[in-house]
Amino acid sequence: MSHPAWPGIVRTFSYNSSQLSILPLSENSEFPFWLEKDRGSVRCKRTDVWYRTTVTRKKLTESAKLELCSRSVASKTPVGFIGLGNMGNPMAKNLMKHGYPLIIYDVFPDACKEFQDAGEQVVSSPADVAEKADRIITMLPTSINAVEAYSGANGILKKVKKGSLLIDSSTIDPAVSKELAKEVEKMGAVFMDAPVSGGVGAARSGNLTFMVGGVEDEFAAAQELLGCMGSNVLYCGAVGTGQAAKICNNMLLAISMIGTAEAMNLGIRLGLDPKLLAKILNMSSGRCWSSDTYNPVPGVMDGVPSANNYQGGFGTTLMAKDLGLAQDSATSTKSPILLGSLAHQIYRMMCAKGYSKKDFSSVFQFLREEETF
């Protein structure tokens, strides 16, 4: 929900021992806000957007009146961001574009340099991020990395403030998300899992899809930030359901990428021009994201990893990891995933044969080079 600035208007408030309550000036006024009296900020209860304000105490009594000068309503308090890899980097930049100052940390200091040069604050640990920001987004490669960032010796939970909103956009085991949520709750903070889909291109353009799990009352709070980085922000249910949705999506993505690579390879060996074949597939029933947006064949599309020797994008190692999560979930729920299991095996083979650092669409190159199938 967007909120207009109120130039020249002064609102009057009263407070009790725990928070400040707003006194609307007219019947038509809508003020879905509450104030914390120990901070000079206004918090929007529905969207969790913080605006810096000028608050002046008129009387030092229990029913003290405060004035909110709207001249500074538009400024925003910092957001913590941990993890500046292929996805985290453009996501953080989109928050900057929307006016959010950032408190930055990455295990590799070089990843922080361009943000520091842009005037953002870089700190030395996740704990330091938590000390300086009460809204934090993490974007990390694996469950182990996420656990370390939250529960490690210098993790977020060492200095997290009560009431903080912690959003994890990593793709990790749903069970790990649930355990982290329990630890965060003990500290009086809120944890939500919000993995993403769309790849690096969507991260750059701000068109990611976020699948969010957590307490529903906090969804709007997360949505306000996630909407700066994505065009679709969907509530999935309790903590862990966001991860469940992402795992299912990536299993299907791996299967469709392998299918696209196999079809393109077969067509080329049958004498078809790859661009023509891709055009035919993309106007026919075989069309899918792997064929029309992220084609794995070099020379068919510009701006995708296959056009850059499969550099950048979504790594084969990460796809193998996500398929492993799908395999574990299938085992625990006794769900047959025949093609999913085969896809997992193929991506594990690719990692063993030198493709681990290449984009997952390099499965086309793998199939082209492997004559033993």
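**Close-up views of a predicted model**

A search of the whole structure, which is a predicted model, finds 7 aromatic pairs. The legends below describe selected views.

**View A. The stacked pair of Tyr294 and Phe360.** The ring centres of Tyr294 and Phe360 are 5.7 Å apart and their planes meet at 25°, so this pair is classed as stacked; the cut-off for stacking is an angle under 30 degrees. Tyr294 belongs to the loop between helix H10 (289-292) and helix H11 (316-333). Phe360 belongs to the loop between helix H12 (338-352) and helix H13 (363-369). Tyr294 and Phe360 are both buried.

**View B. The edge-to-face pair of Phe314 and Phe360.** Phe360 also forms an aromatic pair with Phe314, and this pair is edge-to-face, with 5.9 Å from centre to centre and 75° between the planes. Phe314 is located in the loop between H10 and H11, and Phe360 in the loop between H12 and H13, so the pair ties together parts that lie 46 residues apart in sequence. The relative accessibility of Phe360 is 1%, and Phe360 therefore counts as buried, the limit being under 20%.

**View C. An aromatic cluster.** Five residues, Trp289, Tyr294, Phe314, Tyr347 and Phe360, form one aromatic cluster.

**View D. The buried and exposed sides of helix H4.** Helix H4 spans residues 143-151, and Ser143, Ala146, Ala149 and Tyr150 are buried within it. Viewed down the axis of H4, the buried residues fall within an arc of 130°, so they line one face of the helix. Ile144 and Glu148, on the other side of H4, are exposed. The buried residues of H4 pack against two helices, H3 (126-132) and H5 (174-186), and against strands E11 (135-138), E12 (165-168) and E13 (190-193).

**View E. The lining of the largest pocket.** The largest pocket has a volume of about 1,200 Å³. It is lined by 48 residues, of which Asn86, Met87, Leu140, Pro141 and Leu318 are the closest to its centre. At least two lining residues are supplied by each of H4, strand E14 (196-197), helix H6 (199-205), helix H8 (241-269) and H11. H8 provides the largest share of the lining, 6 residues. By residue class, the lining comprises 21 nonpolar, 21 polar and 6 charged residues.

Key. Residues are numbered from 1 along each chain as its sequence is written. This is a predicted model: local features need pLDDT of at least 70, side-chain atom pairs count only at pLDDT 80 or more; totals for chains, interfaces and linings use all residues. Side-chain values use heavy atoms; hydrogens and water are left out. Rings of Phe, Tyr and Trp (its six-membered ring) pair if their centres lie within 6.5 Å; planes under 30 degrees apart count as stacked, over 60 as edge-to-face and the rest as tilted. Helices (H or I, at least four residues) and strands (E, at least two) are DSSP runs, numbered from the N terminus. Buried means under 20% relative accessible area, exposed over 50%, partly exposed in between (1.4 Å probe, protein chains only). The arc is that of the directions from the helix axis to the C-beta atoms. Contact means heavy atoms within 4.5 Å. On a 1 Å grid over the protein atoms alone, a cavity is a set of points where a 1.4 Å probe fits but cannot get out, and a pocket is an open set with protein on both sides within 12 Å along at least five of seven lines; lining residues have an atom within 4 Å of a point. Grid points are joined across faces, edges and corners, and a volume is the space filled by probe spheres set on the points. Ala, Val, Leu, Ile, Met, Phe, Trp, Tyr, Cys and Pro count as nonpolar, Asp, Glu, Lys and Arg as charged, and the others, Gly among them, as polar.
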